[in-house]
Amino acid sequence: MITATKIWIFSVALFVLLIVSIYFGYHLGRQPRRKGAGAQGDGGNSGVSHISGTVFTLIGLLLGFTLSGAATGFQQRQVLIAQEANAIGTAYLRLDLLPKSAYYLAWR
C-alpha cells in the first residue's frame, strides 16, 4: 500500500540521487581530456554532438507520438460525427410527424 510517508521518502531519495548525479557529472566534465581522445579538429567537444543528436532524436519521437495521437483523435471525432448524423437522420425518418405528402416533397 502506498502511503504519504513512502511517497515522501521516495521523493527525498530521488532528489538526493539527482543532486549526486549532477555533482559527479560536473566533476567528470571538468576533468582534462587526453590529447588523442576526441575526433580531429573538434576542440575536445566530442561528446556534445552525441548529446545533441540524442536530444534531437527524443524531441523528434515526442513530436511524432504527439501528432499520431492528434490524428487518431481527429479520426475518432470524424467517426462520431458521422454516427451522430446517421442517428439524427434515422430519428427524423422514424418520427412520422409530417404528413406523407410533405414527407415525399421534402425528399424529392
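pLDDT is the predictor's confidence in each residue, from 0 to 100. This model is predicted, so colour by that score before anything else.

**Stop 1: the whole chain.** The protein chain averages a pLDDT of 79. Of its residues, 72% score at least 70. Now switch to cartoon. The order along the sequence is α-α-α.

**Stop 2: the two ends of the confidence scale.** Select residues 100–106, which are helix α3. Among the elements of the protein chain, α3 has the lowest mean pLDDT, 61. Helix α1 has the highest, 88. Where pLDDT is low, the predicted coordinates should not be read in detail.

**Stop 3: the surface.** Show the accessible surface of the protein chain. It comes to about 10200 Å². Carbon and sulfur atoms account for 69% of that area. How many of the 108 residues are buried, as a percentage? Buried residues make up 0%.

**Stop 4: a nonpolar patch.** Select Trp8, Ile9, Val12, Phe15, Val16, Leu18, Ile19, Val20, Ile22, Tyr23 and Phe24. Together they make a nonpolar surface patch of about 1100 Å².

**Stop 5: Phe15.** Pick out this member of the patch. Phe15 is found in helix α1, residues 4–30. Is Phe15 buried or exposed? Phe15 counts as exposed because its relative accessible area is 53%, and the cut-off is over 50%.

**Stop 6: the aromatic pair.** A search of the whole structure finds 1 aromatic pair. Select Tyr23 and Phe24 and show their rings. The centres are 5.7 Å apart. The planes make an angle of 65 degrees. The pair is edge-to-face, because that class takes planes over 60 degrees apart. Tyr23 and Phe24 also belong to the nonpolar patch of stop 4.

Technical notes
Residues are numbered from 1 along each chain as its sequence is written. This is a predicted model: local features need pLDDT of at least 70, side-chain atom pairs count only at pLDDT 80 or more; totals for chains, interfaces and linings use all residues. Side-chain values use heavy atoms; hydrogens and water are left out. Rings of Phe, Tyr and Trp (its six-membered ring) pair if their centres lie within 6.5 Å; planes under 30 degrees apart count as stacked, over 60 as edge-to-face and the rest as tilted. Helices (H or I, at least four residues) and strands (E, at least two) are DSSP runs, numbered from the N terminus. Buried means under 20% relative accessible area, exposed over 50%, partly exposed in between (1.4 Å probe, protein chains only). Accessible areas come from the Shrake-Rupley method with a 1.4 Å probe; for residues, only the protein chains shown count as cover. Patches are made of residues with over 30% relative accessible area and no salt bridge: like charges are joined within 9 Å, nonpolar side chains (Val, Leu, Ile, Met, Phe, Trp, Tyr) within 5 Å. A salt bridge is a side-chain nitrogen of Lys or Arg within 4 Å of a carboxyl oxygen of Asp or Glu.
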